Amino acid sequence: MRPITPINQFEKACTRAELNETEQRIIDHIRYVGVFNQPSLTKDLKLNTKPPILTILCDICRKIGQYMPEHFKNVRKWSKEINEH
């Protein structure tokens, strides 16, 4: 079963991660739309295609994940169980 992100812990982790303006816009957009892909994020947020938005998102997740390490570990474990790639 997919780990559910505790919203209060997530909010605190986002604050502590000190995301830059673009990173925060990405997170806010994903939280608003829910389902996304790389082309839609790039277009909707009018971002450059380099570096790829999924690379930026991966960096954002690591920044936030360092402030919720147990949850981050559980999400990564769950993700690997779903798809090894």
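Modeller: Happy to! In α2, the buried residues are Glu23, Ile26, Ile27, His29 and Ile30, where buried means under 20% relative accessible area, exposed over 50% and partly exposed in between (1.4 Å probe, protein chains only). These residues cover an arc of only 165 degrees around the axis, so they sit on the same side of α2; the arc is that of the directions from the helix axis to the C-beta atoms. In general, an α-helix has 3.6 residues a turn, so residues three or four places apart point the same way. On the face of α2 turned away from its buried side you will find the exposed residues Glu21 and Tyr32.

A word on the basis: this is a predicted model, in which local features need pLDDT of at least 70 and side-chain atom pairs count only at pLDDT 80 or more, while totals for chains, interfaces and linings use all residues. Residues are numbered from 1 along each chain as its sequence is written, and side-chain values use heavy atoms, with hydrogens and water left out. Helices (H or I, at least four residues) and strands (E, at least two) are DSSP runs, numbered from the N terminus.

Now to the neighbours. The cover over the buried residues of α2 includes α1 (7–17), α3 (38–44) and α4 (53–65), with contact meaning heavy atoms within 4.5 Å.

As for length, α2 runs over residues 21–33, and its 13 residues should span 18 Å at 1.5 Å a residue, which agrees with end C-alpha atoms 18 Å apart. The expected span is 1.5 Å times one less than the number of residues.

The two ends of α2 are worth a look too. At its start, a side-chain oxygen of Asn20 comes to within 3.0 Å of the backbone nitrogen of Thr22. After α2 comes Gly34, with a positive phi near 80 degrees.

Most residues other than glycine have a negative phi. Glu18 is exposed, with a relative accessible area of 67%.

Notes. Polar contact = N/O pair within 3.5 Å; in protein donor to acceptor, adjacent residues only side chain to side chain.
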